[in-house]
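Please walk me through this model, stop by stop, with a note on what to select in the viewer and what is found there.

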Amino acid sequence: MSRFASAFRPDHSALVCFVTGGDPTPDATPAILDALVEGGADVVELGMPFTDPMADGPAIQRANLRSLGAGTKTADIFAIATGFRARHPNVPLVLMGYANPMTIRGADWFAAECTKAGVDGVICVDIPPEEDPELGPALRAEGISLIRLATPTTDAARLPAVLDGSSGFLYYVSVAGITGLQQAAQASIEDAVARLKAATNIPVAVGFGVRTPEQAAEIAKVADGVVVGSAIIDIVATEGANAPAKVRDFVRSLRTAMDHAREKTA
Amino acid sequence: MTLINSLRTQPDDRGHFGQFGGRYVAETLMPLVLDLETEYRKAKADPAFHAEFDDLLEHYVGRPSPLYFAPRLTEELGGAQIWFKRDELNHTGAHKINNCIGQILLAIRMGKTRIIAETGAGQHGVATATVCARFGLPCVVYMGATDVARQAPNVFRMKLLGAEVVPVTSGAATLKDAMNEALRDWVANVDDTFYIIGTAAGPHPYPELVRDFQSVIGKEARAQMLSRVGRLPDVLVASIGGGSNSIGLFHPFLDDPSVKMLGVEAAGHGLDKEHAASLAGGRPGILHGNKTYLLQDEDGQIIEGHSISAGLDYPGIGPEHSWLKEIGRVDYTSVTDTEALEGFQLLCRTEGIIPALEPAHAIAAVRKLAPTMDKDQIILVNLCGRGDKDIFSVAEHLGVSL
Ligand SMILES: Cc1ncc(COP(=O)(O)O)c(C=O)c1O
């Protein structure tokens with residue numbers, strides 16, 4: 001909780017960076033996570049690979065398959081998380097993934113492992129508020145934030161249900177669609193963020209389709225956080241051994257552009 | 001008066017069949033499945049909806065399908081009488097069209113203008129393309145690239161009917177991957193698109209509405225049995241991919257305690273090798289919007305199903321079957337590819353009916369079951385599809401080149 005509070009500060013927009021754990025191999029992930037932090041990421045989202053990533057576009061689908069192809073197990077993801085926590089005591093770490101790998105050994109088991117590994121929050125794509133008993137109570141009992149998604153289809157009537165029981169931050173999925181493809185128009189993002197911030201006190205981060213420093217900067221003007229995933233995954237996919245350095249440079253370019261945008265509006 | 005404890009009132013109002021079912025979808029889709037549920041409740045209560053559904057089933061699909069006593073198969077197996085519910089005679093050659101008629105009427109009620117579907121064997125794809133042509137709606141069918149290759153005749157049929165067939169190359173490129181891709185399309189086209197799911201699975205209310213539309217099979221069969229032989233059958237047998245033809249046959253009989261039921265999963269190369277028997281070889285998990293038995297590893301990663309029949313190689317099963325298994329109302333068994341091929345040929349030779357490879361699994365199970373029963377007992381088998389689509393793959397397995 002306090003880690004999220006220091007990441008989402010009033011004086012800046014937090015940069016939230018996603019990579020798939022174990023892509024291309026479990027051994028390669030720690031250096032990539034370190035590069036995210038060195039480049040200026042405020043929150044790290046570690047994807048748990050799944051065979052059937054229904055909400056993801058081609059880039060993250062392939063990252064999932066590369067990871068599983070390299071033999072990544074759930075135990076590896078928790079080992080990566082544990083190592084990250086030891087090296088970065090203050091950076092919030094979020095596990096993101098799908099319901100089945102999270103619940104297969106029981107939600108209590110999963111929540112306890114999250115605590116042991118120093119995980120701050122969990123995003124589960126396919127557990128909407130209607131199925132909250134599957135995972136939410138176990139996480140809350142351990143003090144792990146359940147970070148929910150709000151989307152362009154989440155209307156005013158539904159929003160309270162989405163907010164109920166969520167903590168850490170609210171993840172606004174700016175497009176109705178899968179990860180990594182088109183980006184929403186800035187005007188619609190501004191409207192949505194205003195609507196969400198009127199309904200909740202937790203920070204609102206915006207993601208899906210954010211690929212460039214320019215886009216990140218525009219969103220940083222209005223949102224508490226910006227989420228970037230597929231663009232980083234693409235670097236991991238193409239750069240091989242050079243990936244950490246390239247990822248760090250790219251993340252730094254996002255961070256710099258976001259800070260400039262805030263200075264100008266301030 | 002006492003009320004019986006009916007087994008026919010599932011799911012509960014949250015879409016759960018016991019611990020199974022539910023609505024495990026991304027937030028973007030949640031408002032859509034809630035809308036669909038609201039609209040389905042209204043349609044279910046609307047006599048005009050039922051009248052249109054019944055009219056299309058009668059005059060377009062060709063219902064009721066016959067109930068047929070199979071004398072030579074019965075004699076050959078030397079036990080119980082074997083009767084077939086002949087849904088292979090439906091327009092488009094399988095039970096799939098019953099469900100597609102119902103869902104396209106719902107889509108039209110909801111003002112949707114674009115239809116998507118997933119398909120394995122291609123039967124559901126053909127049935128969806130058919131109703132789209134009939135109602136003049138554009139249709140996109142997602143089909144695993146592996147299935148596109150092994151079901152070429154159905155791919156051509158869908159194209160003739162005006163559908164766009166999109167080969168899916170992710171994963172093992174079969175039915176599960178086609179369903180992932182259809183869900184991705186739906187998430188990106190939430191305003192105009194209706195997703196016609198082909199089996200009694202997926203997020204609530206799909207398992208319920210697909211079952212309701214397919215229940216025409218069991219309702220007709222029950223009435224036909226009573227009028228032809230004056231009593232109910234002793235055992236119902238049906239093959240299971242996602243479970244729609246079987247739940248359609250079983251559901252109207254669930255409260256008839258004298259009627260036993262047997263669902264037949266695909267054991268592929270054998271339950272200790274590659275197969276598609278989720279109940280026999282899987283355990284409960286969450287995929288494609290519902291909690292149900294799934295083929296998966298210890299980490300919850302989904303394992304691809306395998307079956308000689310493209311319509312059965314799905315690593316999951318509709319949630320109502322998972323519940324019926326756990327409460328013990330329905331028995332489930334499985335037969336291998338080889339046994340299914342034998343069942344296929346047996347029906348061809350004895351009754352002059354070429355079945356699809358899916359019901360060939362049911363016939364293979366009957367071949368083991370019938371001899372253990374008395375001659376005055378009755379087995380009712382769902383002959384849910386015809387074999388035209390399968391002759392090429394059967395020829396290949398029998399080592400014949402066409
Ligand atoms: C003829 C036929 N039977 C059975 C199936 C399996 O599906 P279900 O279990 O939903 O009936 C299929 C699927 O394509 C089919 O084409």
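Where is the place of B:Ile354? Select it in the loop between helix H14 (337–351) and helix H15 (357–369) of chain B, helices being DSSP runs of H or I with at least four residues and strands runs of E with at least two, numbered from the N terminus. This is a predicted model, in which local features need pLDDT of at least 70, side-chain atom pairs count only at pLDDT 80 or more, and totals for chains, interfaces and linings use all residues. Residues are numbered from 1 along each chain as its sequence is written, chains are lettered from A and ligands numbered from 1 in the order written, and side-chain values use heavy atoms, without hydrogens and water.

B:Ile354 is partly exposed, with a relative accessible area of 42% (buried is under 20%, exposed over 50%, partly exposed in between, with a 1.4 Å probe and protein chains only).

Next, select helix H13 (residues 319–326) of chain B, which is largely enclosed by the rest of the structure because 6 of its 8 residues are buried; B:Trp323 is among them. Just after H13(B), B:Gly328 takes a positive phi of about 80 degrees.

Now display B:Lys291 with A:Glu134, which form a salt bridge (a side-chain nitrogen of Lys or Arg within 4 Å of a carboxyl oxygen of Asp or Glu) with the closest N and O atoms 3.0 Å apart. The pair crosses between chains, from strand E12 (residues 289–294) of chain B to the loop between strand E4 (121–124) and helix H7 (136–141) of chain A. B:Lys291 counts as buried at 13% relative accessibility, and A:Glu134 counts as buried at 19%.
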